[in-house]
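Please read them with the structure open.

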Amino acid sequence: MPSATALSEGAAAADGAGALRPALRRAAVFASALAILSLLAAVVVLAARNDLDKAVRVLADAPVWLVLVVVAFATLNYAIRTQRFVYLARRLGLEVPFGEMSVYYVAGFALTMSPGKLGEMVRLWFMKRKFDFSYRRGVALQLGDRISDVYAMLLLCLAGLTGFEQYRGSVLAVLGVALAGTLLLARPALLIGCLDIVYAAVRIKPRLFVHLRHMVRNTALVMQGRVFLVALTLGLASWFAEAFSLWVVLHLLGAPVDLLAATFVFAFAGVVGGLTMLPGGVGGFEIVMVMLLGLQGVPTEVALVATAILRLGTVWYATAAGFLAAPFAVRLSTPRPARG
């Protein structure tokens, strides 16, 4: 006979799976639709340019293990980013082992393709469920994680800007906005003062304003000094790994470009994809990457194949891994009943 504790843990895990299952189902449908649309768009573009046969030949001549190269670098990217998530969580008072956080972090990718760019917030749900980690600290953790990504991408853009001078203004403009926002978050007195003014004017939802103040203060903890520098360094290392994989892919497809140029192409496409607010940056990322590779003399059919291989081995690989990890994350995050 199973013990009462085992039964209660099983029931809690089932409840968690039931709560998450509808979101996973919607994400699976949305991801499948995006994948099909992306494939159709590539075929239409190639057919319109009479390059479809060329693209098929490029794909046929590509090494069969090429996607595995991209997957290896993507896995390195996700491992470094998980370590950064662990580091930032510890700065906010949550001690989570790297292995356990890896499951939660990867499971979050299952909802990458959900509309609204909030899918990966499911990581906070797992942490709240297991450790009673407050959402106001969790949002600060997510903000610190994302903002360090933005800076890492912008710095990679700056590193590879030679040869893409026409985009200098765009990169510097986004960097300026990011710096302004960071200063507000790192020095929370002004934001808290604004919240106090708004509350004095509306006099509603006092608990909401209390939570917002706490969130702003928690965010400041991960946006200052050494903490942010460590997070930024980890972000640079993780995203450069994927930029390097693009460089490798182009060489293996017979259309080599300079490493710094490949770095700019990847990073700038990532920034534009993020600004579109589309799930996974799908559409914006691919269009910008193909266009920028064309400026480097890469034929359209090779640029499209390289982009497809990169995306298959990164965002789609992460999405699939997220779906596989989600059931384990639900079970791992199941709160253990208090022992009587």
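1. Which residues of α9 are buried? They are Phe209, Arg213, Val216, Asn218, Thr219 and Ala220. These buried residues pack against three other helices, namely α6 (135-159), α7 (168-186) and α8 (189-202). Helix α9 itself covers residues 206-221, which is 16 residues. From its first C-alpha to its last it reaches 23 Å, close to the 22 Å expected at 1.5 Å a residue.

2. Overall make-up. The model is a predicted one. The protein has 13 helices and zero strands, so no strand needs to be looked for, given that strands here would be runs of at least two residues. Of the 340 residues in the protein, 46% are buried. Among contacts with a separation of 6 or more, 74% are between residues 24 or more positions apart.

3. Nonpolar cores. The largest nonpolar core has 90 residues. Within it, the residues with the most contacts are Met127, Leu141, Leu253, Phe264, Phe266 and Met289. Helix α13 (residues 300-332) gives this core its largest share, 12 residues. There is also a second, separate core of six residues, and Ala31, Leu34, Met113 and Val315 are among them.

4. Phe266. This residue is one of those with the most contacts inside the largest core. With neighbours within four places in sequence left aside, Phe266 is in contact with Met153, Trp239, Glu242, Ala243, Leu246, Phe285, Met289 and Leu310. Met289 is itself on the list of core residues with the most contacts. Phe285 and Met289 are also both among the buried residues of α12.

5. Helix α12. This helix runs over residues 284-295 and has 12 residues. Its reach, first C-alpha to last, is 17 Å, close to the 16 Å expected at 1.5 Å a residue. The buried residues are Gly284, Phe285, Glu286, Val288, Met289, Val290, Leu292 and Leu293. They pack against α10 (225-252), α11 (259-275) and α13. Just after α12, Gly297 takes a positive phi of about 85 degrees.

6. Ala303. This residue lies in helix α13. Ala303 counts as buried because its relative accessibility is 0%, and the cut-off for buried is under 20%. Leaving out neighbours within four places in sequence, Ala303 is in contact with Val290, Leu293 and Val298. Val290 and Leu293 are buried residues of α12. Ala303 and Met289 are 14 residues apart along the chain, and 7.7 Å separates their C-alpha atoms.

7. Ser245. A polar atom of its side chain lies 2.6 Å from the backbone oxygen of Glu242. Not counting residues up to four places away in sequence, Ser245 touches Val70, Phe73 and Leu310. Ser245 and Val71 are 174 residues apart in sequence, yet 8.9 Å apart in space, C-alpha to C-alpha.

8. Asn77. This residue is found in helix α3 (residues 66-91). Asn77 counts as buried because its relative accessibility is 0%. The Asn77 side chain makes a polar contact of 3.0 Å with the side chain of Arg81. Asn77 also touches Ser238, Trp239 and Glu242, with residues up to four places away in sequence not counted.

9. Aromatic rings. How many aromatic pairs does a search of the whole structure find? The search finds 16. Ring pairs join Tyr78, Phe85, Tyr105, Phe109 and Tyr317 into a cluster. The ring of Phe85 has the charged end of Arg123 over it, 6.0 Å from its centre. In a second case, the charged end of Arg311 sits over the ring of Phe285, 4.1 Å from its centre.

Technical notes
Residues numbered from 1 in each chain as written. Predicted model: local features only at pLDDT ≥ 70, side-chain atom pairs only at ≥ 80, totals over all residues. Heavy atoms only, no water. Phe/Tyr/Trp six-rings, centres within 6.5 Å; stacked < 30°, edge-to-face > 60°. Lys NZ or Arg CZ within 6 Å of the ring centre and 35° of its normal. Helix = DSSP H or I, 4+ residues; strand = E, 2+ residues; numbered from the N terminus. Buried < 20%, exposed > 50% of the residue type's maximum accessible area, 1.4 Å probe, protein only. Polar contact = N/O pair within 3.5 Å; in protein donor to acceptor, adjacent residues only side chain to side chain. Contact = heavy atoms within 4.5 Å. Core = buried A, V, L, I, M, F, W, Y, C linked by side-chain atoms within 4.5 Å. Expected span 1.5 Å × (residues − 1).
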